[in-house]
Amino acid sequence: MIALTPAERRAALLIVLLLLIGTGYDLWRLSEPPLREPPSRLGVAAAVLPDTVPGTTAPPAPRVERGLDLNRASERELESLPGIGRVLAARIVEHRLRHGPFTTPEELLGVRGIGPRLFARLRDQVHVTPP
């Protein structure tokens, strides 16, 4: 017989308890009916693929400009963006004055204080129109 220390006995008991809980959960899931039927392959394909006639193409979706225009926004308007305060709004306007209008929203990364994480939060809320 193998002698276990009290700490080893507790660890072994914990492992057995976790295995029993996992087995009980698996058995419970097998006994319960599924909440809904999974979609059939044909249903998924029909829902995903648009109705098109072979040889034709769908018209391109119109581009919707939404959010704040970086080239026309004032400091106060820029402050309404998440994570942009007075200082960053002033830096964005200063960057615009020094380097000219923004050509892409990604140029915000050139403003001191705007990093990839903040830009990811702002990306969907800003756009750039040509000057």
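Modeller: Leucine 18 lies in helix α1 (residues 6-31), where helices (H or I, at least four residues) and strands (E, at least two) are DSSP runs numbered from the N terminus. This is a predicted model, in which local features need pLDDT of at least 70 and side-chain atom pairs count only at pLDDT 80 or more, while totals for chains, interfaces and linings use all residues. Residues are numbered from 1 along each chain as its sequence is written, and side-chain values use heavy atoms, with hydrogens and water left out.

Biologist: Why is leucine 18 called exposed?

Modeller: Exposed means over 50% relative accessible area, buried under 20%, and partly exposed in between (1.4 Å probe, protein chains only); leucine 18 has 52%, and is therefore exposed.

Biologist: What makes up the nonpolar patch on the surface?

Modeller: Leu14, Leu17, Leu18 and Ile21 form this patch, with about 400 Å² of accessible area together.

Biologist: What makes the largest nonpolar core a core, and which residues have the most contacts inside it?

Modeller: A nonpolar core is a set of buried Ala, Val, Leu, Ile, Met, Phe, Trp, Tyr and Cys residues joined through side-chain atoms within 4.5 Å. The largest one here has 19 residues, and Leu78, Ile84, Ile92, Leu108 and Ile114 have the most contacts inside it. Two or more residues each come from α4 (86-99) and α5 (116-122), and the largest share, four residues, comes from α4.

Biologist: What is isoleucine 114 in contact with, leaving aside its neighbours within four places in sequence?

Modeller: With contact meaning heavy atoms within 4.5 Å, the partners of isoleucine 114 are Ile84, Leu88, Ile92, Leu108, Leu109 and Phe119, those sequence neighbours left aside.

Notes. Patches are made of residues with over 30% relative accessible area and no salt bridge: like charges are joined within 9 Å, nonpolar side chains (Val, Leu, Ile, Met, Phe, Trp, Tyr) within 5 Å. Accessible areas come from the Shrake-Rupley method with a 1.4 Å probe; for residues, only the protein chains shown count as cover. A salt bridge is a side-chain nitrogen of Lys or Arg within 4 Å of a carboxyl oxygen of Asp or Glu.
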